Amino acid sequence: MPSIPTERTRASEILCHVQISDVYHALTGVKRRWTRQDICRAPAIWRGGDGRNVSMEDSRGVSHDLTSDEGGGVLDLVGRIQIGRAHV
């Protein structure tokens with residue numbers, strides 16, 4: 001009998017199929033600057049950043065804010081963007 005996927009399994013499957021840079025662009029509409037094939041930079045709009053201080057690496061699904069030294073995966077980035085919108 002096949003096992004029934006859990007919510008965590010489904011979420012993991014979805015997250016491994018999205019590009020973190022595409023998620024950033026979809027939520028912000030801000031253009032990214034590509035530095036390598038799978039790495040781009042963009043502003044940290046959630047803290048009013050105007051420089052390209054956020055690095056996003058699609059192959060690993062991670063982002064890193066070079067100014068605040070914070071980072072994480074797709075859901076962390078979504079949270080930062082959404083919280084930033086609430087404070088605008």
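Analyst: The account below begins with the cavity and its lining and then turns to salt bridges.

The model is a predicted one. The count comes to one cavity of 30 Å³ or more, and the volume of the largest cavity is about 40 Å³. Its lining consists of Trp46, Val54, Ser63, His64, Asp65, Glu70, Gly71, Leu77 and Arg80. Of the contributors, strand 4 gives the most, with three residues.

Asp65 is in a salt bridge with Arg47, and the closest N and O atoms of the two are 2.9 Å apart. Because Asp65 belongs to strand 4 whereas Arg47 sits in the loop between strand 2 (39–42) and strand 3 (54–57), the pair ties together parts that are 18 residues apart in sequence. With a relative accessibility of 2%, Asp65 counts as buried, since the limit for that class is under 20%. Arg47, by contrast, is partly exposed, at a relative accessible area of 35%.

Glu70 and Arg80, both listed in the lining, form a salt bridge with each other through their side chains, at 3.7 Å from N to O. This pair also links distant parts of the chain: Glu70 is in strand 5 and Arg80 in helix 3, ten residues apart. Glu70 has a relative accessible area of 39% and is therefore partly exposed.

For context, the structure holds four salt bridges. One of them joins the side chains of Arg32 and Asp22, at 3.2 Å from N to O. Here Arg32 lies in the loop between helix 2 (20–28) and strand 1 (33–36), while Asp22 is in helix 2, and the two are ten residues apart. Arg32 counts as buried because its relative accessibility is 19%, against a limit of under 20%. Asp22, at 42% relative accessibility, counts as partly exposed.

To return to the cavity, its lining includes Asp65, Glu70 and Arg80. Asp65 is paired with Arg47, whereas Glu70 and Arg80 are paired with one another.

Key: Residues numbered from 1 in each chain as written. Predicted model: local features only at pLDDT ≥ 70, side-chain atom pairs only at ≥ 80, totals over all residues. Heavy atoms only, no water. 1 Å grid on protein atoms, 1.4 Å probe; cavity = no way out; pocket = protein on both sides within 12 Å on 5 of 7 lines; lining within 4 Å. Points joined across faces, edges and corners; volume = space filled by probe spheres on them. Helix = DSSP H or I, 4+ residues; strand = E, 2+ residues; numbered from the N terminus. Buried < 20%, exposed > 50% of the residue type's maximum accessible area, 1.4 Å probe, protein only.
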